[in-house]
Every structure is written in structure tokens, then in C-alpha cells.
Amino acid sequence: MSDRGDARRFSVAEALAIHQRACADLGSPMYARLLTALTADHAAGGLTAELLEGRTDRPVHDALALRLLGAVHRIVLDGRAPALAAFYPSVGGERDDDGLAPCFLETVAAHRAEVIAGLSRQVQTNEVGRAGALAAGFHEIARRSGQPLQLREVGSSAGLLLRWDGYRYEAGGTATGDPASAVRFTDVWDGAPPRFDDGVTIRDRRGCDVSPIDATSSEGRLTLLSFVWPDQNARFRRLEAALDIARRWPVTIDAQDAGAWVEQQLAPRSRAAGGRDGGRDGGRDGDDRGGDEEAEVATVVFHAIVLQYLPAESRRRMVAALERRGAEAARRGPLAWLRMEPAGPRADLRLTTWPGGQTEVLAEVGYHGEPVRWLS
């Protein structure tokens, strides 16, 4: 997928089929089986068609099928669908038979208004598994620039990836991050691993999202957990652990369009305007000393599986702002654009650095973050 995104329009039936294959390919047989049944229900004009048709003209990009699944999972996690919970491993369910789809549709019918409201909720897993590849990218940027990093994340959701150094990473005899962290990345590397032996200092960190989620709240926690596929217990438990860390570590997430936000953050003296970012107490964040010292940091704009959700104009403004700031990098300090975005069966971790504007693929990455095939 290019940085401009895919402009093709899909029908709801095609979207259901695409997400069914994605669940099958990415290790959720439960959701793959359920989406097969929902596709048939849609074709027969059943409840699935009643709820999904006419909801959006971008059912794939808006992840309409995953919104439906997440809305129902939320009800299950909240303890209000005990019959359906018997099928959901995320709440201890072990039932595995053809009763899943009928029970799912019965739950939808019983909570119809709530499910319809959930279809307007953006899918936000804030997938913590992607932190492994991003951490390797941050270390590569710090190693090359020799400077502290100023992190600016686009599409931050709850900011769990902004807190990446609160997790533990081990690879090839090197390690970084909190050694006591419950979120650990130790066996995610396919082939030669990256190096984590060089220190990374974070000067400050900040993110944006059009609909930020408060990771420290019970409501935010429920929303994020609802979008994890319920038969993927490792992802579910890792997200729970990351949310526990987030309760102790505030970060600033601005509710703003990506294009406008990146323009502001990359404008001269943007750090002075942004103020302090709520860095981790006792962590490795340095002082934010204002825009007059921009050249003392390497600014990193990053995102993971975000571009497809951005409006075309927002993407255009973001890329233009990066190119403008890149042209000034010799004077204002290094700039890096690190992004993990779709590239066929896997995503790739792509890095553009200024001065120079060179682009390279650092790694091939599974969509949920594993495995990571380090190429750099």
C-alpha cells in the first residue's frame, strides 16, 4: 500500500469477506468462522444486512465488520451477554460449536440500539505488539543521529505506543526498556534481530488522534479491549498489562486532525508552544527547553496502521509538512518519518530521514506486530 492509501470502493459484502480472510490469516479462527456466518446472513437479507447496509461508503477502510464485532465483544466483556460469553475465550468461554453465530445474532437483536451506536465507534486496538518493530526503529534513528528524540505520534488512540520504553525488549544478547515490565518482547524476531545496546533518550513525547481514548479510565480500557479478537489471549493479556502501565504514566494526546497537527508540531518553535508533555516520572525523558534548541534533538513523526483511516486532504497536509520541515533539517536538526503500514501480506516499517530525504524499509512486520523480520 502506498502512503496515499487505496481509493477503491468496496461493497459491504466484499468488506465482510475481506475481514473474514484477514481474521483467518491473522490467527482468529473464531472470528473467521463467525464472519463466514454473518456473510451468509447478510446475503440472505438478515439482521447483518439491516445493520450494515448504508452505514458508510467505505466499509473496508472504516472496518465496519470489526466495529460490529467490537460492539458485541464490549457487551460480553461487560458481563451482559452470558450465553454468548460461553464462546468467548477472553472471558473464559470454552464452547466451540455451530451455536456461535445464532447466539451472536440473538445478542445483537437484544442490544440493537447499543450495537448501532457501536457502529459509529472507530476501531482502536492501539495494538501494543507493534511496539517491538517501532522500538527497533527508534533505536536505529537514535544511533544514526546521536541525539535525543522528540516523538510525535499520528493516530495515537490511547498513546500506548508512545509509552514504548515502558516495555521490555530483548534481542540477540541486547536489551532495552523496563526490566520489570509485564509487557515483554523476547521471541518476536524472524532471522537476525535488531540491536538494542545503544541508549535512547526521549526529550519529549506527544500524540494526536481525532478521537483520543483515555487509557487510564475504565471506559477507555473497555473500549480498547473490545476490539481485540477474543480468541487471541496473548494479545488480550498484553493489552491489559500495557493499560496497567498507562495508568501510572500520563501522556498528552491532542484531539486534532493529523494534517493540521503535524503542521503545527513541525513549525518553528513548536516545542515551546507544545509545553511539557507529561513524560514518565523517573524515566529517561529530558527537559523540554523550547524551540530555540530544536537542533539538539532528532524529531520523529511516527504512526502504525493509520494512513488508511486518514482523509486524503489530511494525508496530503501531513506529507507536505514533513517535506517542508525536511528541507530545513540542516538548520533545525534531524527529522525522521517512521511508519508501519500495509504492504501486502505483511506491513513494512519504513523510514525517511532528513537531511537528504532518503527512504528505506527497515523491517517486514506482521500486522499485529509479530513476527519482525529486521532488514536494516
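**The eight-stranded sheet**

I started with an open sheet of eight strands, ordered E6-E5-E1-E7-E8-E9-E10-E11 with mixed pairing. Its edge strands are E6 (253-255) and E11 (372-374), each pairing on one side only. From one strand to the next, the twist averages 20 degrees. For my own record, strands (E, at least two residues) and helices (H or I, at least four) are DSSP runs numbered from the N terminus, and two strands pair if DSSP finds at least two bridges between them.

A reminder on the source: this is a predicted model, with local features needing pLDDT of at least 70 and side-chain atom pairs counting only at pLDDT 80 or more, while totals for chains, interfaces and linings use all residues. Residues are numbered from 1 along each chain as its sequence is written, and side-chain values use heavy atoms, with hydrogens and water left out.

Next I looked at the E6 end. Strand E5 (residues 202-209) pairs with E6 in the parallel sense over three bridges. I noted that aspartate 209 has alanine 255 in E6 as its bridge partner.

**Helices on that sheet**

Helix H11 (residues 258-266) packs on the sheet and touches E1 (149-154), E5, E6, E7 (298-304) and E8 (335-342). Contact here means heavy atoms within 4.5 Å. The direction of H11 makes about 165 degrees with that of E1. Axes are lines fitted to C-alpha atoms, for helices over the stretch in contact, and angles run from 0 to 180 degrees between N-to-C directions.

I also found helix H13 (residues 312-327) lying across E1, E7, E8 and E9 (347-354), at about 150 degrees to E8.

**The three-stranded sheet**

The other open sheet I checked has three strands in the order E3-E2-E4, again with mixed pairing. E3 (174-177) and E4 (184-185) are its edge strands, each pairing on one side only. Strand E2 (residues 168-171) runs antiparallel to E3, joined by four bridges. Arginine 168 is bridged to glycine 177 in E3. Helix H8 (residues 131-145) lies across E2, E3 and E4, at about 75 degrees to E2.

**H9 against H10**

How do the axes of H9 and H10 cross? Helix H9 (residues 218-226) and helix H10 (residues 233-247) have axes that come within 10 Å and cross at roughly 155 degrees. I logged the pair as roughly antiparallel, the label for angles over 145 degrees. H9 contributes Arg221, Leu224 and Leu225 to the contact, and H10 contributes Phe236, Leu239, Glu240, Leu243, Asp244 and Arg247.

Definitions and conventions. Angles under 35 degrees count as roughly parallel, over 145 as roughly antiparallel, 65 to 115 as roughly perpendicular and the rest as oblique.
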